[in-house]
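I opened the notebook to record what I looked up here. The entries follow the order in which I went through them.

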Amino acid sequence: MLPTDEMLFDVLGTGFGRRTQAVPDCTMIDWDDVRYFLAVARGGSVRAAAAHLGVNHSTVLRRVAQLEERLGAHMFEKLPSGYRLTAVGEEVLELAVQMEASSHQLETRVFGRDQSVRGLLRVTLAPPLATHLLMPDFADFARLHPDIEMEILSSGELANLTNREADVAIRVVYDRKTLPLNLHGLKGPELFGGVYMSRDRLAAWRAGAPDPIRWIVISIHGIPDWAREGEVRTTGVPFRTTDAEAQIVAVRQGLGMTTLPCFVGDADPLLVRVPGTDLHRYGTLWLLTQRETRKTKRVRLFTEFVSRRLAAYASLLAGLSLSRD
């Protein structure tokens with residue numbers, strides 16, 4: 001028998017105080033099973049779901065099978081192109097999304113009332129900000145509050161604060177109108193970038209060295225529209241890397257010039273701005289939290305602490321200082 005809309009609501013709904021219908025074998029749905037179902041539905045395959053959840057292939061299959069057994073219906077059709085939701089699966093998806101939202105809301109409200117200075121604190125930010133600017137400050141905060149378990153999510157991926165993928169996000173925002181209305185933000189300094197090359201390579205170019213000077217770029221970005229060569233002209237084909245750390249090492253090696261945030265380029269004694277080039281505004285740094293999460297004491301302590309540190313780095317971030325000090 002296929003589950004009816006009322007049965008599905010009773011199984012997956014979150015209406016507290018509502019009288020529920022007795023449904024044999026369907027009254028004890030495990031939220032984790034629903035979470036695995038959602039991952040497959042969104043990823044379109046068991047492999048994508050497993051990668052997203054950080055588990056193996058068989059765990060995803062087992063969890064989905066458990067949900068199908070409880071509901072007495074198949075949720076997916078297996079096709080050569082991946083997994084497609086059945087008609088029942090489409091109905092379950094709609095209600096499962098509601099269940100997920102309610103679960104996140106419950107967690108966030110409880111988390112927001114937690115006033116202890118202990119527990120997990122997850123912070124998401126771009127890798128260069130973590131590696132080249134704020135890690136010493138994170139270390140200072142960790143020493144001040146040894147009972148707070150910090151998790152630094154330094155990735156190019158944007159974590160979803162509403163879904164509790166992180167507690168605090170440090171992001172570069174070009175236009176504040178693009179900030180989600182459900183997030184609370186602390187505005188930080190503006191962030192600028194410039195064009196850099198190694199000091200030794202610039203000296204060699206001035207001495208007439210014949211070696212070609214290349215643009216060094218991250219493959220997925222290419223040469224930014226705002227970047228110009230200034231006094232030094234590139235003469236070779238581009239040199240491409242897949243990440244910012246390799247990009248920085250390449251420019252230190254004298255392969256050519258590249259664009260970097262000023263807090264990276266100006267703080268590196270091996271690098272220098274290319275003469276005749278201008279600075280470019282990337283945007284403004286913001287400390288973002290979910291409105292309920294920000295009430296938590298450890299989140300509040302962290303955002304206030306980092307906000308003060310960012311303010312102290314305002315000149316460096318704007319390209320007005322050539323040292324971190």
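Which residues does isoleucine 248 touch, not counting residues up to four places away in sequence? I found His132, Leu260, Val264 and Asp268. I note at the start that this is a predicted model.

**Entry: isoleucine 248**

I placed isoleucine 248 in helix H8, which covers residues 244-252. Then I looked up its accessibility. The relative value is 3%, so isoleucine 248 counts as buried, the cut-off being under 20%. I also took one C-alpha distance. Isoleucine 248 and tyrosine 196 lie 9.7 Å apart in space, C-alpha to C-alpha. In sequence, 52 residues separate isoleucine 248 from tyrosine 196.

**Entry: methionine 197**

Next I went to methionine 197. I found it in strand E6, residues 183-198. Is methionine 197 buried or exposed? Its relative accessibility is 0%, so methionine 197 counts as buried. I listed its contacts, leaving aside neighbours within four places in sequence. They are Leu202, Ile213, Val232, Val251, Gly256, Met257, Leu270, Leu271, Val272 and Val274. For one of these, Val232, I also have a C-alpha distance. The C-alpha atoms of methionine 197 and valine 232 are separated by 9.8 Å. Along the chain the two are 35 residues apart.

**Entry: the whole protein**

I stepped back for the totals. I counted 11 helices and 11 strands in the protein. The protein has 325 residues, and buried residues make up 43% of them. What share of contacts between residues at least 6 apart in sequence join residues at least 24 apart? The figure I noted is 73%.

**Entry: H6 against H10**

I turned to helix packing. Helix H6 spans residues 127-144 and helix H10 spans residues 297-312. Their axes are 11 Å apart, and the packing angle is about 140 degrees. I recorded the crossing of H6 and H10 as right-handed.

Which residues make the contact? From H6 I have Leu133, Leu134, Asp137, Phe138, Asp140, Phe141 and Leu144. From H10 I have Arg298, Leu301, Phe302, Phe305, Val306, Arg309 and Leu310.

I then checked H6 on its own. H6 bends by about 80 degrees at leucine 134. Proline 136 follows within four residues. The buried residues I listed in H6 are Leu129, Ala130, Leu133, Leu134, Asp137, Phe138 and Phe141. I kept a general point beside that list: an α-helix has 3.6 residues a turn, so residues three or four places apart point the same way.

**Entry: serine 307**

I stayed with H10 for one more residue, serine 307. Its relative accessible area is 24%, so serine 307 is partly exposed. Not counting residues up to four places away in sequence, serine 307 touches Leu186 and Leu287. The C-alpha atoms of serine 307 and tryptophan 286 are separated by 8.9 Å. These two are 21 residues apart along the chain.

**Entry: H2 against H3**

I moved to helix H2, residues 31-43, and helix H3, residues 46-53. H2 and H3 pack at about 120 degrees, with their axes 8 Å apart. That makes H2 oblique to H3. The crossing of H2 and H3 is right-handed. In H2 I listed Arg35, Tyr36, Ala39, Val40 and Gly43. They meet Ala48, Ala49 and Leu53 in H3. I sorted the contact of H2 with H3 into 6 nonpolar, 1 polar and 1 charged.

**Entry: H2 against H4**

Last, I looked at H2 with helix H4, residues 57-71. How do their axes cross? They come within 8 Å and cross at roughly 115 degrees. That makes H2 roughly perpendicular to H4. I recorded a left-handed crossing for H2 and H4. Asp32, Asp33, Val34, Tyr36, Phe37 and Val40 are the H2 residues in the contact. On the H4 side I have Thr59, Val60, Arg63, Val64, Gln66 and Leu67. The contact of H2 with H4 has 7 nonpolar, 2 polar and 3 charged residues. Tyr36 and Val40 of H2 are in my list for H3 and in my list for H4.

Definitions and conventions: Residues numbered from 1 in each chain as written. Predicted model: local features only at pLDDT ≥ 70, side-chain atom pairs only at ≥ 80, totals over all residues. Heavy atoms only, no water. Axes fitted to C-alpha atoms, helices over the stretch in contact; angles between N-to-C directions. Helix = DSSP H or I, 4+ residues; strand = E, 2+ residues; numbered from the N terminus. Left-handed = near helix turned anticlockwise from the far one by under 90°. Contact = heavy atoms within 4.5 Å. Bend = angle between axes of the 7 residues up to and from the residue. Buried < 20%, exposed > 50% of the residue type's maximum accessible area, 1.4 Å probe, protein only. Parallel < 35°, antiparallel > 145°, perpendicular 65-115°, else oblique. Nonpolar A, V, L, I, M, F, W, Y, C, P; charged D, E, K, R; others polar.
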